[in-house]
Every structure is written in structure tokens, then in C-alpha cells.
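I opened this notebook to record what I looked up in one structure. The entries follow the order in which I consulted the coordinates.

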Amino acid sequence: MERLVPPDEIPRWIPGKLTLDSSGSRWRGVTLKGYEYADLHVAIPSMRDYMIVVYEGEAARMGRRCGGPWEYHRVEPGVVSLLTRAEQSEWAWSRPISVSHVYLSHDAITKVAGDIYDRNIADVEIGDKVRAVDDFLPWVSRTLRQELSGGEIGGRVMVETLLTQACVHVLRSFAHTKFREPRSSGTFTPAERRILTEYLAEKLRADVSLADMAGAVGLSVFHFSRKFRAEFGCPPHQWLVRERIKRASELIKRQCLPLKEVAFEAGFADQSHMTRLFCRHYGMTPAEYRRTFD
């Protein structure tokens, strides 16, 4: 069986200056890389993951072939290329370029296809695309970049949400099979809401994942995320931040509890992390907020 090449080994075939790398993070199913390339003609190996190329610099002429004639297109910011997994091809570009690569794992695409569309990935064909005008995937890349540099509370849930959304978008926009999603059933039932709120209250200090939340009420990640937004008016990671800040504000009123302990009890990484988000929400530091109750 042919060995499929993971993202960390791609520079052996496409040499360039690495400017961004999520490999050291705990992200699952998605990898973010940034590169600056000279003008190159390269042979792309059979990759393990699907590669989305987000163009960030000046326009260039991009060419691709896979055993046949070359196909050429202009690429620039606002345009993406998609390289499928487990397929060899040749690519060439006319000038130096700056790009981000968003790699989506086969397992992630498989899970989303099964959860949302009730389809096996073996029935789905996703081919290369040299040029696609796309606003969403560059936004995913930018948001992942911000998460990688910022590391805010709720980051694990944020990345999982972006991964699911990116997989859905790829299946909708690039799969040769057209999918029809089942209708969403709206908000949570009273029983689901009770179970979820009790679960989240118990796990407020934990590094809970989107899959954990969805599993608590027996839903797929995709359908859980849709119901959650319909129910609470925001995605799960924003709700978690809001609830942790609310919990911190309640604890701060207890004058005897040190702020370091407040941060721990409310589920923040540390006191400085709590202070940064508290200032963003209330316009004052936790210490200043506490003094208003003196």
C-alpha cells in the first residue's frame, strides 16, 4: 500500500519558508501551515489529508496537471485551491507567493459526511480545484491563525467548530456528489436543555470539547452546533466564555476569595487570562470590579 504523506513532510516536495505552524497545538483533524514560496514547479505526493491553499500575497499564474495537459488559472487573495488526498499531481506557479495551507483529515471529512448527510466517504469524490472564488475558507484560515496566536478560553471548542464548518463547506462546494442535508429540528427539547445545562455547569472548569457536549444529548457535532445556536443565540465557545465570566463576577463579589482562586474556580487558564477577558467584557479589571462592592 502506498504511504500517504502527512502535512509536516510536505516541505520535502514543496520547499519554502515556514511562517506558521499549528503542529505543536492539540488540534485534531485540522492542521494550519503558512509558507512563503519562490516560483516553483513541483510534484505533489499522495497526501494523507485534503489541502486547502489560501492565497494571501500578490496574484500569480497557477498551473496543474495530472497525467494530461496543464490547466492554468490566476490566483490571488479571495481565491483558494483544493488538492485532494491520495493523488499525485504536478503544480507550477509563475512568481513568489505567500499562502496558508489548511489540511483537513480524511477522518474528519468522513465523520462529517456520515453525521450530516448519512453518506459513506467511499461514495464521495473530491477532486483537485486550481481556482475557486471563496470567502469562507480564507475566513476559516484567518480565524484559525488568530486562535493559534491568541489561545483564548474555549479554543478547543472553537477549533472543532471551525473544522466541522470547513468540512461541510468542502463537501458542499467541491464534492462531485451533491448533498441534501436533513432538516434541522430547531432548538433543544426541554429534556435536552436540562441535561445540557446541568452537564455544562458541572464541566465549567474542564477543557470540554464540542464532541463531549454533543454526546451529552446524543447528537452529532453538526446538529448539536445548529441547535445550540438556535437555542442560545451564539456558538458554544462564545457561550462558555460568557458563562465563565459570569461565574467569575459572582465569585469576585466574595471579598475573601483571592483573584487567582477565582480564575481557577471559573475555569480560566490563569489570572491574567481571566483579567484580559474580564476587561473585554466589563471594561474594567477584576480588581476594579471588586472595589465597586467595597
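**Entry 1: Ala 86.** I began with the accessibility of Ala 86, which comes to 40% and therefore counts as partly exposed. The model is predicted, and I read each value below as computed from it. I located Ala 86 in the loop between strand S7 (79–83) and strand S8 (89–93). I then looked up its backbone: Ala 86 has a positive phi of about 55°, although it is not a glycine.

**Entry 2: Ala 92.** I moved on to strand S8, where Ala 92 has its place. Is Ala 92 buried or exposed? At 16% relative accessibility, Ala 92 counts as buried, since the cut-off for that class is under 20%. I listed its contacts, leaving out residues up to four places away in sequence: Ala 92 touches Leu 40, His 41, Arg 61, Met 62, Gly 63 and Trp 70. I also took one distance, from Ala 92 to Leu 171, which is 79 residues apart from it in sequence; their C-alpha atoms are 26 Å apart in space.

**Entry 3: the whole chain.** I next noted the overall figures. The protein chain has 10 helices and 10 strands, and its C-alpha trace spans about 75 × 40 × 35 Å along the principal axes. Of its 294 residues, 48% count as buried. I also looked up contact separation: among contacts with a separation of 6 or more, 74% join residues 24 or more positions apart.

**Entry 4: helices H2 and H3.** Two packed helices are described by the angle between their axes and the distance between the axes. I looked up both for helix H2 (residues 136–150) and helix H3 (residues 155–174): the axes come within 10 Å and cross at roughly 165°. An angle over 145 degrees counts as roughly antiparallel, and H2 and H3 are therefore roughly antiparallel to each other. The crossing in which H2 passes H3 is left-handed.

Which residues of H2 meet H3? I found Phe 136, Leu 137, Trp 139, Val 140, Thr 143, Leu 144 and Glu 147 on the H2 side. The residues they meet in H3 are Gly 155, Met 158, Val 159, Leu 162, Gln 165, Ala 166, His 169 and Phe 174. By class, the residues of this contact between H2 and H3 divide into 10 nonpolar, four polar and one charged.

**Entry 5: Ser 220.** I located Ser 220 in the loop between helix H5 (210–216) and helix H6 (221–232). Its relative accessible area is 15%, so Ser 220 is buried. Not counting residues up to four places away in sequence, Ser 220 touches Asp 115 and Ala 214. I also looked up its separation from Glu 192, 28 residues apart along the chain, and the two C-alpha atoms are separated by 13 Å.

**Entry 6: helix H8.** I ended with helix H8 (residues 259–266), in which Leu 259, Val 262, Ala 263 and Ala 266 are buried. Seen down the axis of H8, these buried residues fall within an arc of 100°, so they line one face of the helix. An α-helix has 3.6 residues a turn, so residues three or four places apart point the same way. I then asked what that face meets: the buried residues of H8 pack against helix H7 (236–252), helix H9 (271–282) and helix H10 (286–291). Just after H8, I noted that Gly 267 takes a positive phi of about 95°.

Key:
Residues are numbered from 1 along each chain as its sequence is written. This is a predicted model: local features need pLDDT of at least 70, side-chain atom pairs count only at pLDDT 80 or more; totals for chains, interfaces and linings use all residues. Side-chain values use heavy atoms; hydrogens and water are left out. Axes are lines fitted to C-alpha atoms, for helices over the stretch in contact, and angles run from 0 to 180 degrees between N-to-C directions. Helices (H or I, at least four residues) and strands (E, at least two) are DSSP runs, numbered from the N terminus. Angles under 35 degrees count as roughly parallel, over 145 as roughly antiparallel, 65 to 115 as roughly perpendicular and the rest as oblique. A crossing is left-handed if the near helix is turned anticlockwise from the far one by less than a right angle, and right-handed if clockwise. Contact means heavy atoms within 4.5 Å. Ala, Val, Leu, Ile, Met, Phe, Trp, Tyr, Cys and Pro count as nonpolar, Asp, Glu, Lys and Arg as charged, and the others, Gly among them, as polar. Buried means under 20% relative accessible area, exposed over 50%, partly exposed in between (1.4 Å probe, protein chains only). The arc is that of the directions from the helix axis to the C-beta atoms.
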